[in-house]
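Good morning, and thank you for making time for this presentation. Please look at the sequence and the structure as I show them, and keep both in view while I speak.

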Amino acid sequence: MKHDVEFQPSPLEVGVYECEVRLKFRLIEEKSILSDRDHLLELLLEAFLCGSDEYMEPVHSDVQVEEMAEVDAPPQMRRQLIRLRNSKEVS
């Protein structure tokens with residue numbers, strides 16, 4: 001006897017978080033690249049994620065994450081939370 005059992009995924013548990021990341025590292029880089037402020041953060045994060053080598057030395061990192069009340073999130077984030085929770089594709 002075959003029993004058809006329908007899979008019922010549990011609701012997606014998501015929240016809104018405020019994150020602060022502090023990184024301190026030494027980097028050898030071309031001076032002209034560091035003067036482009038629009039591209040600077042992307043460049044620094046990429047260098048940090050690639051890891052320590054002869055051009056980059058991590059000195060300190062600190063990450064703080066705090067869950068915040070959903071009502072304090074901007075409307076666009078609250079709408080995205082609702083979409084995520086209602087999505088059948090995400091489990």
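First, a word on the source. This is a predicted model, in which local features need pLDDT of at least 70 and side-chain atom pairs count only at pLDDT 80 or more, while totals for chains, interfaces and linings use all residues. Residues are numbered from 1 along each chain as its sequence is written, and side-chain values use heavy atoms, with hydrogens and water left out.

Let us begin with the fold. The protein has three helices and two strands, and from the N terminus on these elements run β-α-α-β-α. Helices (H or I, at least four residues) and strands (E, at least two) are DSSP runs, numbered from the N terminus. Of the 91 residues, 9% count as buried. Here buried means under 20% relative accessible area, exposed means over 50%, and partly exposed lies in between, with a 1.4 Å probe and protein chains only.

A contact means heavy atoms within 4.5 Å.

Cys19 lies in strand β1, which covers residues 16–27. Leaving aside neighbours within four places in sequence, Cys19 is in contact with Gln64 and Val65. Glu67 is 48 residues from Cys19 in sequence, yet the two C-alpha atoms are 8.7 Å apart in space. Is Cys19 buried or exposed? Cys19 is exposed, because its relative accessible area is 52%.

Cys50 is also exposed, at 64% relative accessible area. How many disulfides does the structure hold? The count is zero, where a disulfide is a pair of cysteine sulfur atoms within 2.5 Å.

A second example is Val59, found in strand β2. Apart from neighbours within four places in sequence, Val59 is in contact with Lys24, Phe25 and Arg26. Val59 and Arg26 are 33 residues apart in sequence, with their C-alpha atoms 7.1 Å apart in space. Val59 is partly exposed, because its relative accessible area is 38%.

Phe25 and Arg26 each return in a pair of side chains, so let me take the aromatic residues next. A pair of aromatic rings is described by the distance of the centres and the angle of the planes. The structure holds one such aromatic pair. Phe25 and Phe48 have ring centres 5.3 Å apart and planes at 40 degrees, so the pair is tilted. Under the rule, rings of Phe, Tyr and Trp (its six-membered ring) pair if their centres lie within 6.5 Å; planes under 30 degrees apart count as stacked, over 60 as edge-to-face and the rest as tilted. This pair links distant parts of the chain, with Phe25 in strand β1 and Phe48 in helix α2, 23 residues apart. Phe25 is buried, because its relative accessible area is 19%, whereas Phe48 counts as partly exposed at 21%.

We turn to charged side chains. Side chains of opposite charge can pair when their charged atoms come close. A salt bridge is a side-chain nitrogen of Lys or Arg within 4 Å of a carboxyl oxygen of Asp or Glu, and by this rule there are two. One joins Glu57 and Arg26, at 3.4 Å from N to O. Glu57 is in strand β2 and Arg26 in strand β1, 31 residues apart. Glu57 counts as partly exposed, at 41% relative accessibility.

Another salt bridge joins Arg85 and Glu70, whose closest N and O atoms are 2.5 Å apart. Arg85 lies in helix α3 (residues 75–86) and Glu70 in the loop between β2 and α3, so this pair ties together parts that are 15 residues apart in sequence. Arg85 is partly exposed, with a relative accessible area of 33%, and Glu70 is partly exposed at 33%.

Finally, the surface. The protein exposes about 8,500 Å², of which carbon and sulfur atoms supply 51%. Accessible areas come from the Shrake-Rupley method with a 1.4 Å probe; for residues, only the protein chains shown count as cover.
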